[in-house]
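The sequence and structure are shown first.

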Amino acid sequence: MIYYQLFFSMLFLPITILIYQLFPKRFRWVLLLLASIGFYFTFNFRLFIFLIFANVITYVIGIILEKQSIARKEALNIAKKEGKEAKALVKAKYQKRTRLILFLGIAAALSVLLYLKYYNFFAENINHLFGSGDGHTILPIKTLALPLGISFYTMQAISYMVDIYWGKYPAQRNPLKLTLFLSFFPTIVEGPIALYGDMKDRLYEGRAIDPDNIIRGYTRLFWGIMKKLVIADRLSPAVTLLFDPAHHTKGFEVIAAAVLFTVMEYMDFSGCMDMVIGIAHIFGIELPENFRQPFLARNASEFWRRWHISLGVWFKTYIFYPVSMSSLAKKWGKFAKDRVNKHMTRVVASAMALLPVWLCNGLWHGPKWTYIFYGVFYFVVITLELLLEPVGDGILNKLHTTKENKIVNAIRIFKTWIIIFAGELFFQAFSLKEGFRMVRDITKGFHISTLWNGDALTWGLDIYDWLVVLIMLITVIIINLIRERGVNITDALLRKPMLLRWALVLSLLMVITIFGCYGPGFEEVDLIYAGF
């Protein structure tokens, strides 16, 4: 069962809404927990044990860290009477202890993810590097099942433990409430990666169902399903063919492959985010937005502030900032003072913090060298953007213009598109070797006439499919441009008469029913980011 399936939207969700409303307010979170467990069990109930393990680790470490914090305060109050030296010793003692506890908690949570998701990747590479030529392997390759949402709930568990360590809020004393936070059924498949501090009040307060929220929620749910079933899944055959090494894609087809996959990935992932945000909104729970018109970004850094926002916030909070404040960064600052100019000092400091962020970003997507290259690619691009920023500013000054000039803006956006499409080409390539081969072969038999000479009709889509994609894509672009201007379309909808509101919901449902890719003749396409 998944969000875009008829069983979910027309049976599971309505029944959950009805029972939720009938439950006493203070126990409605229990119903959400039961719904989340039931939803998870429809995938593989045996793998739920891994989520329970993560929950136990997170709960226990959170409680221990909070107790250590209380003990530290009490010890400091006593040490104050004995002088500064005693106070410093207490601080050092408890800091060392709590860091060890936090490290053990994070290591335990990560151990399951690293083993299930990355063991075979490392085993294959170790065997390739150190194995003998007669087929002898150092590490055996294993058949391992990957629990649903393990990357997402592991990151939420780590953020929870770190936030308790930082003293942002008290530990959750009810283990079942913590289980709901980690397994909430709208977020378990693809996120967004929610932070406990943002969710703790919303999840447990048990707001009554508001009719406007039902309309708002179902409108966004169907909008997301439309993006997934009508656009993303329709493009899947073309993307599969163009990235198949046997097809030997070259010339203009390479550009088409990169662009079509980028569109497909965006419609698939942002469509899923629309679904889950809409579902949560029905229950009065506001989830963080994960996309903000990313293709209007003017550089790579801005693109990642608009694309998969919750992942970027997580990396920024729990990797970038700690590295920026580390002793190594401070040593560089002291060394660079009076030796290196301010701009280069800032670039090197940023690069030191960005490198682990982008290595982790690449690895987070999966155990493939193409994903790791994807992370390194953005690290290099963003570092170069920082390095060359004064050069760009100098050119603009000589031209007597600014970054806000419309022509300059258009050029910067187009430049960012090239970066995005290049990154996505390697992201989806069968291998790094195949990715570089595709880039090398762009110039071979390059004919832009592929767009209209009928070649595109050999990619698994007929003229009807391309027409549907084009019309719906234009619709999405128009909606995104309106949103970029700060217009809240959903709020505008709710100000319309009831009849018009429901007409829109039913119109979206009709579009999905008529143009959606499902049923006989269509192969179901899994959510892309569910595999990460």
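The model is predicted. By class, 8 nonpolar residues and 1 polar residue line the largest cavity, and no charged residue takes part. The lining is made up of F50, F53, A54, A108, A109, V112, I150, Y153 and T154.

The volume of the largest cavity is about 40 Å³. The structure holds 1 cavity of 30 Å³ or more.

## Aromatic pairs

The count of aromatic pairs comes to 57. One of them joins F185 and F283 in an edge-to-face arrangement, with 6.3 Å from centre to centre and 85° between the planes. F185 is in the loop between α6 (175–183) and α7 (196–204), and F283 is in the loop between α9 and α10, so the pair ties together parts that are 98 residues apart in sequence. F185 counts as buried because its relative accessibility is 0%, and F283 counts as buried because its relative accessibility is 1%.

A further pair is formed by W304 and Y374: the ring centres are 6.3 Å apart and the planes meet at 65°, so this pair is edge-to-face. W304 belongs to helix α10 and Y374 to helix α14 (residues 369–398); the pair links distant parts of the chain, 70 residues apart. Both W304 and Y374 are buried.

## Charges over aromatic rings

Two placements of a charged side-chain end over a ring are described here. The charged end of R28 sits over the ring of Y20, at 5.4 Å from the ring centre. The charged end of K142 sits over the ring of Y119, at 4.9 Å from the ring centre.

H281 is part of helix α9 and counts as buried because its relative accessibility is 10%, under the 20% cut-off. In sequence H281 and R216 are 65 residues apart, while their C-alpha atoms are 7.5 Å apart in space. Leaving aside neighbours within four places in sequence, the contacts of H281 are with N213, R216 and E286.

G284 lies in the loop between α9 (252–282) and α10 (300–306). With a relative accessible area of 4%, G284 is buried. Its C-alpha atom is separated by 8.8 Å from that of L203, a residue 81 places away along the chain. When neighbours within four places in sequence are left aside, G284 is in contact with R207 and N213.

## Backbone geometry

Most residues other than glycine have a negative phi, and most peptide bonds are trans. Against this background, G191 and P192 are joined by a cis peptide bond, with omega at about 5°. P192 lies in the loop between α6 and α7.

H248 is a residue other than glycine with a positive phi, near 55°. H248 lies in the loop between α8 (211–242) and α9, and is partly exposed, with a relative accessible area of 42%. H400, likewise not a glycine, also has a positive phi near 55°. The position of H400 is in the loop between α14 and α15 (406–428). H400 counts as exposed because its relative accessibility is 74%, over the 50% cut-off.

Methods. Residues are numbered from 1 along each chain as its sequence is written. This is a predicted model: local features need pLDDT of at least 70, side-chain atom pairs count only at pLDDT 80 or more; totals for chains, interfaces and linings use all residues. Side-chain values use heavy atoms; hydrogens and water are left out. On a 1 Å grid over the protein atoms alone, a cavity is a set of points where a 1.4 Å probe fits but cannot get out, and a pocket is an open set with protein on both sides within 12 Å along at least five of seven lines; lining residues have an atom within 4 Å of a point. Grid points are joined across faces, edges and corners, and a volume is the space filled by probe spheres set on the points. Ala, Val, Leu, Ile, Met, Phe, Trp, Tyr, Cys and Pro count as nonpolar, Asp, Glu, Lys and Arg as charged, and the others, Gly among them, as polar. Helices (H or I, at least four residues) and strands (E, at least two) are DSSP runs, numbered from the N terminus. Buried means under 20% relative accessible area, exposed over 50%, partly exposed in between (1.4 Å probe, protein chains only). Contact means heavy atoms within 4.5 Å. Rings of Phe, Tyr and Trp (its six-membered ring) pair if their centres lie within 6.5 Å; planes under 30 degrees apart count as stacked, over 60 as edge-to-face and the rest as tilted. A charge sits over a ring if NZ of Lys or CZ of Arg is within 6 Å of the ring centre and within 35 degrees of the ring normal.
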